[in-house]
Amino acid sequence: MSGMRFLYSNGVVSCSPDAPPVTAFLESLPGSYTTTRTHENGTTLLFWERHLKRLSNSTRILLNSNPELMFKANKKIPLLFSPFSVTSSLKWESRIQSLVSNSLNQVLPIALKERSNGEELAVTALVSGDIEKLKAMKNVGGGGDDDNGAFQVLDLHLHIGSYIPPVFGIEESGAHLALVGRGRDLADAKYSDWVRLRKPLEKSRPPSVTELLLSNDGDRILEGCITNFFVICQRDKSEAEGKYLDDYNNVNSVEVQTAPISDGVLPGVIRQLVIEVCHSKGIPVCEVAPSWEKHRLWEEAFVTNSLRVLQHVETIKVPQPWESLESKSFEGISWIEKKFQQGPGIITKVIQKGIMERASTESHPLNESI
């Protein structure tokens, strides 16, 4: 299947190696979306229930607060959007789940048959508003509590392509990060327009950097453009009673840090799993944005998203001064670099193992209907 991509839109399935990559697919359609992948040689869909819940939440948030991000308006005849009033309920979640599942059941079996052995499938589901349906309906928005009306104007689009997950635990698979821009707006929802909005950050990407980090002040690191960001940090002496991490036997001398949702970061599916695994393993975790001023206390770092799952970090570059990011390109920026040990650290390995153990119980088997 290598190179083959599958699209589903308005009940029509198409497959072609010339189909757009997922970034172009997302740029072409407004709406909320989620991305996951198959696991264990195409036999399960990773953390599917969590992804459906996040997709329904993102859709509700956008309809209620920024409906213009759900609809593609006609530039010649702009449409003024009134916020919806969609309630957070099991009924709403069930409707979104049915919308996605009914469509995915039409295209995923075809893609699985074409999949090459050893490949996984990256699956992106996007919920978009239909502007013509919206025009045809009356009293959908405007503050009315009308979940049914909101649901009637939604369409589902799917993009499925081949994906080969990086092998965890080898030096060559580590991430190289650079802090290049400010945090996103409306981070509590995952929406396709972010693909376009993050493009200007590329001008500051140094060579060999694989992910771009975001911060509003140049010190507190929020997240990556397509990942959540974590560090394993030595705890304050007063908290750790002077016991720093020499042999990793005293896990309480360090803590896992990641920015809280309230700081404006995406509530990533794997982010939440990391926190749950830390609690279950007795690893201290603190939802606080890692401070670059304390980077000398960082023992390990990793990033997470639904395709890579968890990837250890090898290097982080931060501009000095922060204001130099206003330069036109990376050539005009001086960078300070933090290097970590080669390969993932012990605590990173423990967390990754805990997530994959959960994958075996929380992933949807593909020998059943979605």
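This is a short walk through the structure, one selection at a time.

Before you start, note that the model is predicted: local features need pLDDT of at least 70, side-chain atom pairs count only at pLDDT 80 or more, and totals for chains, interfaces and linings use all residues. Residues are numbered from 1 along each chain as its sequence is written, and side-chain values use heavy atoms, with hydrogens and water left out.

**Stop 1: the two domains**

Colour residues 5–165 as domain 1 and residues 171–362 as domain 2; these bounds come from an automatic or database domain assignment. Taken over C-alpha atoms, the centres of the two domains are separated by 28 Å. Where they meet, domain 1 brings 28 residues to the contact and domain 2 brings 28 residues; contact here means heavy atoms within 4.5 Å.

The size of an interface is often given as the accessible area lost when the parts come together. For domain 1 and domain 2 the buried area is about 2300 Å², with 63% of it on carbon and sulfur atoms. Buried area is the accessible area (1.4 Å probe) that two parts lose on being put together, summed over both.

**Stop 2**

Select Phe 47, Arg 50 and Arg 54 next. Together they supply 32% of the area that domain 1 buries against domain 2, more than any other three residues.

The count between the two domains is 10 residue pairs in polar contact, both residues at pLDDT 80 or more. A polar contact is a pair of N or O atoms within 3.5 Å; within protein, one must be able to donate a hydrogen and the other to accept it, and residues adjacent in sequence count only if both atoms are side-chain atoms.

Now show the elements that give two or more residues to this side: α1 (22–28), β3 (32–39), α2 (48–65) and β5 (120–129). Helices (H or I, at least four residues) and strands (E, at least two) are DSSP runs, numbered from the N terminus. Which element gives the most to the side of domain 1 that touches domain 2? It is α2, with 8 residues. By class, this side of domain 1 has 13 nonpolar, 11 polar and 4 charged residues. Ala, Val, Leu, Ile, Met, Phe, Trp, Tyr, Cys and Pro count as nonpolar, Asp, Glu, Lys and Arg as charged, and the others, Gly among them, as polar.

**Stop 3: salt bridges**

Side chains of opposite charge can pair when their charged atoms come close. A salt bridge is a side-chain nitrogen of Lys or Arg within 4 Å of a carboxyl oxygen of Asp or Glu, and by this rule the count comes to 16 salt bridges. Between domain 1 and domain 2 the count is 3 salt bridges. Zoom in on Arg 50 and Glu 362, a salt bridge whose closest N and O atoms are 2.6 Å apart.

Go on to Arg 184 and Glu 223, which form a salt bridge with their closest N and O atoms 3.0 Å apart. Arg 184 lies in the loop between β7 (175–181) and α6 (193–197) and Glu 223 in strand β9 (residues 221–224), so this pair ties together parts that are 39 residues apart in sequence. Are they buried or exposed? Both Arg 184 and Glu 223 are buried; that means under 20% relative accessible area, while exposed is over 50% and partly exposed in between (1.4 Å probe, protein chains only).

Then pick Arg 235 and Glu 255, a salt bridge with the closest N and O atoms 3.6 Å apart. Arg 235 sits in the loop between β10 (228–234) and α7 (237–240) and Glu 255 in strand β11 (residues 254–258), so the pair ties together parts 20 residues apart in sequence. Arg 235 and Glu 255 are also buried. To see a network, select Arg 50, Glu 276, Arg 358 and Glu 362, which are joined by salt bridges that share partners.

**Stop 4**

Gln 234 lies in strand β10 and is buried, at 13% relative accessibility. Its side chain joins that of Glu 299 in a polar contact of 2.5 Å.

Gln 311 is in strand β14 (residues 309–320) and is buried at 11% relative accessibility. A 2.9 Å polar contact links the side chains of Gln 311 and Arg 308.

Finish at Trp 335 in strand β15 (residues 334–339), which is partly exposed at 22% relative accessibility. Not counting residues up to four places away in sequence, Trp 335 touches several residues, including Ala 178, Leu 179, Pro 206 and Phe 330. Trp 335 and Leu 179 are 156 residues apart in sequence and 9.5 Å apart in space, C-alpha to C-alpha.
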